[in-house]
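Please look over the sequence and the model shown here before reading on.

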Amino acid sequence: LNVKYLNFEGSYTTDNQNLYLQLPVMADLSLGGEAVRIHFMAGGYAGFWATQWRQGYVYVSGDERPWTGNAYHFVKAEDDSFSDNRFDAGLAGGLGLELRVAPAWRLLFEGNYYHGLISTSKGVNALGEAYKTFNRTWTFGMGVTYQF
C-alpha cells in the first residue's frame with residue numbers, strides 16, 4: 001500500500017490477522033440426483049471482531065523500519081472521532097457441489113461470499129472525512145459426510 005497522509009509519504013506493508021466469530025444463516029436450494037447435487041445458498045450473517053494481530057514494515061525515503069508483531073488495541077471514541085466497530089453483519093451467498101462416493105459417504109465442496117453492510121470503523125479521519133471500511137470475504141471449504 002502506498003500512502004500519503006499529512007506529512008508522511010511512503011510504502012506500507014503489513015500482515016493483518018483477524019479473528020471473527022461469525023454466524024451465517026442461509027437457505028439452501030439443492031438440485032440434482034443421488035450421485036451429484038449442486039447447492040445454491042443465500043442469506044445473511046452476523047459477526048463479532050474478536051482480535052487482530054499486526055506485523056509489517058514502513059518504508060520512508062529508503063529507510064526500512066520493521067514493526068514487531070503486536071496485538072491491535074481497538075479504538076473506542078465517545079465523540080465523532082474515529083473508532084472501531086466490532087459488530088459486523090451483511091449478506092451471504094454460496095455455491096456447493098456434493099458427490100456421492102459410496103452408499104453412505106459424500107464429498108462436499110463449497111465456496112461462500114460474505115458482503116458486509118456495516119462499517120467496521122466509525123467517525124472521521126484526521127482530515128475530517130468520513131471513514132468507513134467494510135468486510136468482503138471469500139471462503140472455500142471441503143468436507144466428508146456420513147449418512148446413518
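## Overall fold

The model is predicted, and the protein in it has ten strands and zero helices. The protein has 148 residues, of which 23% are buried. Among contacts between residues at least 6 apart in sequence, 58% join residues at least 24 apart. The protein exposes about 10200 Å², and 60% of this area is supplied by carbon and sulfur atoms.

## A network of salt bridges

How many salt bridges does the protein have? The count comes to three, and they are set out in the table below.

| Pair | Closest N to O distance |
|---|---|
| E34 and R100 | 2.8 Å |
| E34 and R106 | 3.8 Å |

E34 is exposed, with a relative accessible area of 55%, whereas R100, at 32% relative accessibility, counts as partly exposed.

The closest N and O atoms of R106 and E34 are 3.8 Å apart, and this pair counts as a salt bridge because the cut-off is 4 Å. This pair, too, links distant parts of the chain, with R106 in strand β8 (residues 105-116) and E34 in the loop between β2 and β3, 72 residues apart.

Salt bridges that share partners join E34, E98, R100 and R106 into one network.

N85 is found in the loop between β6 (83-84) and β7. Although N85 is placed in a loop, this residue is buried, with a relative accessible area of 15%. Which residues does N85 touch, when residues up to four places away in sequence are not counted? They are W49, I118, S119, T120, S121 and K122. In the case of S119, its backbone oxygen lies 3.0 Å from a polar atom of the side chain of N85.

## A nonpolar patch on the surface

On the surface, a nonpolar patch is formed by L29, L31, V36, I38, F40, L95, L97, F109 and M142, which together have about 840 Å² of accessible area. Which strand supplies the largest share of this patch? The largest share comes from β3, with three residues, and β2, β3 and β7 each supply at least two residues of the patch. One of the patch residues, L29, has its place in strand β2.

Taken in order, then, the report has moved from a protein of ten strands, through a network that joins E34, E98, R100 and R106 and the buried N85, to the nonpolar patch on the surface.

Methods:
Residues are numbered from 1 along each chain as its sequence is written. This is a predicted model: local features need pLDDT of at least 70, side-chain atom pairs count only at pLDDT 80 or more; totals for chains, interfaces and linings use all residues. Side-chain values use heavy atoms; hydrogens and water are left out. A salt bridge is a side-chain nitrogen of Lys or Arg within 4 Å of a carboxyl oxygen of Asp or Glu. Buried means under 20% relative accessible area, exposed over 50%, partly exposed in between (1.4 Å probe, protein chains only). Helices (H or I, at least four residues) and strands (E, at least two) are DSSP runs, numbered from the N terminus. A polar contact is a pair of N or O atoms within 3.5 Å; within protein, one must be able to donate a hydrogen and the other to accept it, and residues adjacent in sequence count only if both atoms are side-chain atoms. Contact means heavy atoms within 4.5 Å. Patches are made of residues with over 30% relative accessible area and no salt bridge: like charges are joined within 9 Å, nonpolar side chains (Val, Leu, Ile, Met, Phe, Trp, Tyr) within 5 Å. Accessible areas come from the Shrake-Rupley method with a 1.4 Å probe; for residues, only the protein chains shown count as cover.
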